[in-house]
Amino acid sequence: MNKEKSWFKNRVCILATMHKKEEVMASLLEEKIQMKIVVPDNFNTDQFGTFTREIKRLGNQTEAARFKAQKALEITGETLAITSEGSFFPHPSIPFVSCNRELVLLLDTFNDIEIIATELSFETNHSHASIQTVEEALSFAEKIGFPEHGLVVMSRAEPEKSDKIFKGITNKKELIDAVEIALNSSPENKAHIETDMRAMYNPTRMKVIAKTTETLIKKILNTCPNCEFPGFDIIETKPGLPCEMCHFPTDLIKSEIYQCQKCNYQENRDYPNNIKYADPMYCNFCNP
Ligand SMILES: [Zn+2]
Ligand SMILES: [Zn+2]
């Protein structure tokens, strides 16, 4: 018997997402884990925070994803849920460039399991601008991959409750109308334009969500060698991969330590991805 599949096979799993993320997540999970994915149609995830900041997200990315999963289980009375949560922040070393961190969380309250997968992507169109004319809006739109990627227009970057926020703009006429209204309602004749980061308006983000779902599936299928609990996962990495030329230890990862969340069994696994030596370009001795 294939033990790893018996944990979730044929169980109802609430995919607590909006914005059509199920289009990339559901088939993967159904095929590889044989869960029965159910997307509740009355679960408004916007109540837990929006990218457009009129509702602030509570807690960090993991806490937000966990909270959504708990709420979804509360509402549906089920015991298995998966949620997804995205965040965007400045690239650590390239100014004015954003990166995208996606997180997918599985919560199983029947077996008391939580498994989290994350992906960091430097491929994102996440961007915003302050504009004063329709022409500026159109040139911004061109840069971010409009109309395949949607846009948001509002009169200022930090919206007040009374402000009109135009979201999910995907055609030129809608864009021009929104920009004109936003400009007219601003005393300084300025408007704020930004990329719509909701999954269905952002195919680039959707791809990262799909990749993160695949990572989650790998983690689910990685079971503890001692007790066969799913989600046997890396808790620590150790540097020291030897340089190919001089065998001096580099800062690259030499081993990963896995731990079971159920029985705490640990395993040290050397040479992730079967890479035994580091390129001398990473060596402080050969390439100081
Ligand atoms: Zn175990
Ligand atoms: Zn070296």
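Buried here means under 20% relative accessible area, exposed means over 50%, and partly exposed lies in between (1.4 Å probe, protein chains only). This is a predicted model, in which local features need pLDDT of at least 70 and side-chain atom pairs count only at pLDDT 80 or more, while totals for chains, interfaces and linings use all residues. Residues are numbered from 1 along each chain as its sequence is written, and side-chain values use heavy atoms, with hydrogens and water left out.

Let's start with the metal. C224, C227, C260 and C263 coordinate the zinc ion (ligand 1) through their SG atoms at 2.3 to 2.4 Å; donors are N, O and S atoms within 2.8 Å of the metal (3.2 Å for Na, K and Ca). Along the chain, these donors follow the spacing C-x2-C-x32-C-x2-C.

Here is how some cysteines compare in accessibility:

| Residue | Relative accessible area | Class |
|---|---|---|
| C227 | 32% | partly exposed |
| C263 | 32% | partly exposed |
| C260 | 1% | buried |
| C243 | 0% | buried |

The structure holds zero disulfides, a disulfide being a pair of cysteine sulfur atoms within 2.5 Å.

Now to the nonpolar cores, sets of buried Ala, Val, Leu, Ile, Met, Phe, Trp, Tyr and Cys residues joined through side-chain atoms within 4.5 Å. The largest has 28 residues, of which F8, M35, I82, L106, L216 and I220 touch the most other members. A second, separate core of 18 residues includes V134, F146, L175 and I193. Beyond its neighbours within four places in sequence, I82 is in contact (heavy atoms within 4.5 Å) with residues including C13, L29, M35, L106 and L216.

Note on methods:
Chains lettered and ligands numbered in written order.
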